[in-house]
Amino acid sequence: MFEIGQRVALSVPASTGNVGPGYDSLGLALGHYDDLAVTVLEDGLEFELHGEGSEAVPRDADHLVVRAMRAAFRAAGVEELPGLRLEATNRIPHGRGMGSSATAVVGGVLAANALLPADRALDDARLLQVAAAMEGHPDNVAPSLYGGLVISWADAAGWRSVPVAVHEDVVPVVAIPDFEVPTRLARSLLPAQVPHHDAAVNAGRTALLVEAMTRRPDLLLPATEDRLHQPYRAAAMPPSARLMRGLRERGLAAMISGAGPTVLVLAAGPAQAREAERAVAELVPGGGHDHPVAWRVLRLRVDGRGAKLEKHPQKIQG
């Protein structure tokens, strides 16, 4: 079924989940990318891994990309895992709330689908189901698949997602700290119940956020207020919580990116993006209070396309 030497290459964007009040329902694709190439071998697994976290990931069938490929093959009714050579350049930091695991899952699922015969290939809806099932929710995988701001929900048919084009003035600025917060820990801090008033506030802010992201970037500050998850997670990332509060006090639409600890600012235009960069530098001189934290600040863009298949499957001559 698989032709030896067949190869596919992809570039997959980072993502931020929740986007403030949109807990587990909104995600945004960020212009920061992991690159992946997969070549079919006669047998075995080979790895050439570079960049963020590459020294810590497994170099066997437990690698997340390989697991995602196997899941996609099985969804297509193919049990065979061919020999594979995996080449990856990772730029998305691990454990920082920028969708590194979702990027690997999306890359693996799309690579596998591109290697399948046309009559076995999965459609977009099925690709989303496979990727979201591996992640447990769609708010990171959907933006990496589709690009832009993505609204996701579940119904009887499974996970559903709709991408929305983002206003050209929205500029993401991320402040990435040098510590990690495991997603499992961040989720464990959330209460089983929240006050009805807080839920109502978040519902209103989430609706407003769609308007702010698509037509009214001047509304980003009130639209990104959250009461469902960030206040409860603050104890797991005090430097991030302090920085977020300080930025919001300056009128900047700051939030925790995904489960954290990266802090994301959605700026309304380049001038406000520069203001955000200056504000981060002023708020964290030397890096923190009790334990110095180093911050890496990146001005990105919203990725409007999602994962890009850079090469169609082709045979590599040996």
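A nonpolar core, as used here, is a set of buried Ala, Val, Leu, Ile, Met, Phe, Trp, Tyr and Cys residues joined through side-chain atoms within 4.5 Å. Buried means under 20% relative accessible area, exposed over 50%, and partly exposed in between (1.4 Å probe, protein chains only). This is a predicted model, where local features need pLDDT of at least 70 and side-chain atom pairs count only at pLDDT 80 or more, while totals for chains, interfaces and linings use all residues. Residues are numbered from 1 along each chain as its sequence is written, and side-chain values use heavy atoms, with hydrogens and water left out.

**View 1. Here is the largest nonpolar core, with 43 residues.** V38 and M69 have the most contacts inside this core. Among the elements that give two or more residues to it are β1 (6–17), β2 (26–41), α1 (64–75) and α2 (100–115). Helix α2 gives the most, with 10 residues. Helices (H or I, at least four residues) and strands (E, at least two) are DSSP runs, numbered from the N terminus. In soluble globular proteins, nonpolar side chains tend to be buried together.

**View 2. Zoom in on M69 and its partners.** Skip the residues up to four places away in sequence, and M69 touches V38, L84, G108, A111, A112 and L115. Contact means heavy atoms within 4.5 Å.

**View 3. G107 sits in helix α2.** Its relative accessible area is 2%, so G107 counts as buried. Leaving aside neighbours within four places in sequence, G107 is in contact with L10, V12 and L36. The C-alpha atoms of G107 and P13 are 9.6 Å apart, although 94 residues separate the two along the chain.

**View 4. The loop between β1 and β2 holds N18 and D24.** N18 has a phi near 75 degrees, a positive value in a residue other than glycine. D24 isn't a glycine either, and its phi is positive too, at about 60 degrees. As for cover, N18 is buried at 3% relative accessibility, whereas D24 is partly exposed at 24%.

**View 5. A cis peptide bond joins G260 and P261.** Omega is about 5 degrees here. Look for P261 in the loop between β8 (254–256) and β9 (263–268). Most residues other than glycine have a negative phi, and most peptide bonds are trans.

**View 6. Stepping back, the chain has 10 helices and 11 strands.** Its C-alpha atoms fill a box of roughly 60 × 45 × 35 Å, taken along the principal axes. Of the 318 residues, 53% count as buried.
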